Amino acid sequence: VKEEVKMGVKEEVKMDVKEDMKGGTKEGVEEGTKLKEAAEETALQSPAATNTQPEAAVKAEAADDVCARDWETFVCTRLGTTPPTSPSPLLQEFYCVDAWTLLCCCVLMSRVSSTKTKHDCISAFFATYPTPTEFLNAVVREGDTKSLRLAIHSLGLFDDRLKSLTAVTSAFLYGDDNFCVGLKPPHKVHGVGKFGVDSFYIFCRDQGGSMKPEDKALSTFCRWRRQLSDSGEVHK
């Protein structure tokens, strides 16, 4: 069932990503500018990175940047190259169809011990915000965090998770064409640490067979992935 879901939504995700960016239209540029302003207000960007240019110049640069994008690279690097399903699937395996979904999942499950709480809250989050643009519009642009709080309050650390979810959404929608994450600039995303970065490369890039992460669950998955590759078995 999981594999069918992956295949069934992949084309929809491509359309969602293109629609979310709105292909360089005026609305897309305005969304990018507003998200940048919101990020600055929540201290997601360092003071040195704050744009001090006049608003007209910022919008003009944003328009040029959007129109010049390599859309094939933009879309393909945000979609997940997912690994086969493991015998005992980890939570990330259900949310790795694209980078935004996987990284939001990692932000939400971090520092939570209860499996049921993680499942319930992550499911509620994506039911409320199925796409990054819906999160952007409701939470960042409109400042409405009531529904978000209702969905994930059981996880705790609400303010930290809000900042991290906003940073992930910003990077996904308005980051470099060739999307990737890391632990150091320029690929560092606020709130995404080693667990999130490792999860990204394991579940969105299918590089687990060559990785040895510190996290116990991820390490077990990577060991299984190596064994599967070594055996040459086709596994779904």
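A crossing of two helices is called right-handed if the near helix is turned clockwise from the far one by less than a right angle, and left-handed if anticlockwise. Everything here comes from a predicted model.

**The nonpolar core**

- The largest nonpolar core counts 52 residues, and Phe125, Phe135, Leu148, Ile152, Leu165 and Phe200 are the ones with the most contacts inside it.
- Two or more residues each come from H5, H6 (115-128), H7 (132-141), H8 (146-152), H9, H10 (194-204) and H11 (216-231).
- H5 is the top contributor to this core, giving ten residues.
- Take Ile152, one of those with the most contacts inside the core: setting aside neighbours within four places in sequence, Ile152 touches Leu108, Cys121, Phe125, Phe158, Arg161 and Leu165.

**H5 against H6**

- Two packed helices are described by the angle between their axes and the distance between the axes.
- For H5 and H6, that angle is about 140°, and the axes sit 10 Å apart.
- H5 therefore counts as oblique to H6, because only angles over 145 degrees would count as roughly antiparallel.
- The crossing of H5 past H6 is right-handed.
- On the H5 side, the residues involved are Trp100, Thr101, Cys104, Cys105, Leu108 and Met109, and they meet Lys118, Ile122, Phe125 and Phe126 of H6.

**H5 against H10**

- H5 and H10 pack with their axes 10 Å apart, at an angle of about 145°.

- Where does threonine 169 sit? Threonine 169 is part of helix H9, which spans residues 158-174.
- Its relative accessibility is 0%, so threonine 169 counts as buried.
- Beyond neighbours within four places in sequence, threonine 169 is in contact with Trp100, Pro132, Phe135 and Leu136.
- Glutamate 93 lies in the loop between helix H4 (71-76) and helix H5 (99-109).
- Is glutamate 93 buried or exposed? Glutamate 93 is buried, because its relative accessible area is 2% and the cut-off for buried is under 20%.
- What does the side chain of glutamate 93 reach? That side chain comes to 2.8 Å from the backbone nitrogen of leucine 90.

Key:
Residues are numbered from 1 along each chain as its sequence is written. This is a predicted model: local features need pLDDT of at least 70, side-chain atom pairs count only at pLDDT 80 or more; totals for chains, interfaces and linings use all residues. Side-chain values use heavy atoms; hydrogens and water are left out. Helices (H or I, at least four residues) and strands (E, at least two) are DSSP runs, numbered from the N terminus. Buried means under 20% relative accessible area, exposed over 50%, partly exposed in between (1.4 Å probe, protein chains only). A polar contact is a pair of N or O atoms within 3.5 Å; within protein, one must be able to donate a hydrogen and the other to accept it, and residues adjacent in sequence count only if both atoms are side-chain atoms. Contact means heavy atoms within 4.5 Å. A nonpolar core is a set of buried Ala, Val, Leu, Ile, Met, Phe, Trp, Tyr and Cys residues joined through side-chain atoms within 4.5 Å. Axes are lines fitted to C-alpha atoms, for helices over the stretch in contact, and angles run from 0 to 180 degrees between N-to-C directions. Angles under 35 degrees count as roughly parallel, over 145 as roughly antiparallel, 65 to 115 as roughly perpendicular and the rest as oblique.
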